[in-house]
Amino acid sequence: MPAKIAEEWLNACSGCEIAIVDMGERLLDIVSKVEFVHIPVLLDHKYYGQLGDGKHINIPEADVGIISGGIRNEEHLEVAHEMRSKCKVLIALGTCATHGGIPALANSYQTGEILGRYYSTEATDPPAHWPNEGIPPILDACYALDEKIKIDIYLPGCPPHPDHVYSALAALLEGRGPELPGKSVCDTCPTIRQGKGQLKTLRRFLQAPHYGAPDEPLDKMRCLLEQGLLCMGPVTRAGCGGDKITPRCISARVPCRGCSGPVKHDGNQLLDMLNALASNQIDINSLPEHSSLLRFSGSHQLLRPKQRERKA
Ligand code: SF4
Ligand code: SF4
Ligand code: SF4
């Protein structure tokens, strides 16, 4: 009997669903062994019954549940609880689901500040009222899934590499647990490292790195962090290159922005990066203009509104 799979997207951009499709022909292998009982990105589903007369969200039971995106409003929260109650194994797919991701950068601000920014700034003509009818109430912060429900398997990445999505689903179908790389992006990076302490300040993020000809192999280019570009490789989980291994951004000679989250799930990528900079004797006072680039890493660890109130 095929395994039943339910997939949901909450506070998500659909990039993680594209990663599922990007498995390519391997998707046919998976699809022949599973039955998608719920996947709103592909199949319409009436959460409250065909006539809309149900009182609660209803999702079919499944052997494996996959959720992309974090939890930002009460509808997300209700769907997340329903998925948890109906799925035997629940996978958090992508960094929004595992750590909050880009949307959780909003946790730097109070909800009122965010709504004001969107609906009442000089760029809004005419200034609008904050919407409050027919839409789910917003929560006080953007939450990673495991801040609200129990998660069994984490597949970080923005989006996760299709190789890892395939490996995880194939492992589950064989009754095994998927394995995530336990290394950092630096551990899989071929660039040249000459040693610490030669750099004191960071350069602007958008400045081009130094390298020879465009077709020069990566193992001839000096480490981007040692070139003064804020590269989060030391504190970010490896694996974004999939089975080909070389980190994706580094392949394009762009610094890592930390999208796969910390090397250990509960690590603090932001603090670890500050430590890495300090241990490289880089002046962290040169950091502020780069701090917004710590977008993936900082999101899960940004202070929640209640914590900020306590702090104040
Ligand atoms: S992890 Fe990235 S690709 Fe996936 S939903 Fe979030 S922003 Fe989109
Ligand atoms: S800091 Fe960046 S460029 Fe340097 S080794 Fe690590 S991943 Fe590669
Ligand atoms: S190099 Fe870093 S930011 Fe780029 S895809 Fe890999 S983990 Fe994400």
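These legends describe close-up views of a predicted model. Local features need pLDDT of at least 70, side-chain atom pairs count only at pLDDT 80 or more, and totals for chains, interfaces and linings use all residues. Residues are numbered from 1 along each chain as its sequence is written, chains are lettered from A and ligands numbered from 1 in the order written, and side-chain values use heavy atoms, with hydrogens and water left out.

**View 1. The shell around ligand 1.** A12, C13, G15, C16, G94, T95, C96, G157, C158 and P159 surround ligand 1; a residue is near a molecule if one of its heavy atoms lies within 4 Å of it. The shell has 6 nonpolar, 4 polar and no charged residues. Here Ala, Val, Leu, Ile, Met, Phe, Trp, Tyr, Cys and Pro count as nonpolar, Asp, Glu, Lys and Arg as charged, and the others, Gly among them, as polar. Helices α1 (15-21) and α4 (95-99) each supply at least two shell residues. Helices (H or I, at least four residues) and strands (E, at least two) are DSSP runs, numbered from the N terminus. The C158 to P159 peptide bond is cis, with omega near -10°. P159 lies in the loop between β7 (153-155) and α6 (162-173).

**View 2. The shell around ligand 3.** T236, C240, R248, C249, C256, R257, G258, C259 and S260 surround this ligand. They divide into 4 nonpolar, 3 polar and 2 charged.

**View 3. The largest nonpolar core.** Such a core is a set of buried Ala, Val, Leu, Ile, Met, Phe, Trp, Tyr and Cys residues joined through side-chain atoms within 4.5 Å. Buried means under 20% relative accessible area, exposed over 50%, partly exposed in between (1.4 Å probe, protein chains only). This core has 22 residues; L10, I67, I71, M83, L90, L145 and I149 touch the most other members. β3 (62-68), α3 (74-86), β5 (87-93) and β6 (138-143) each supply at least two of its residues. The largest share, 4 residues, comes from α3. Apart from this core lies another, of 19 residues, among them C189, L202, M221 and L230.

**View 4. R253 and Y211.** The charged end of R253 sits over the ring of Y211, 4.2 Å from its centre. The rule requires CZ of Arg, or NZ of Lys, within 6 Å of the ring centre and within 35 degrees of the ring normal. R253 lies in the loop between α7 (248-251) and α8 (269-279). Its phi is near 60°, a positive value in a residue other than glycine. R253 is buried, at 10% relative accessible area.
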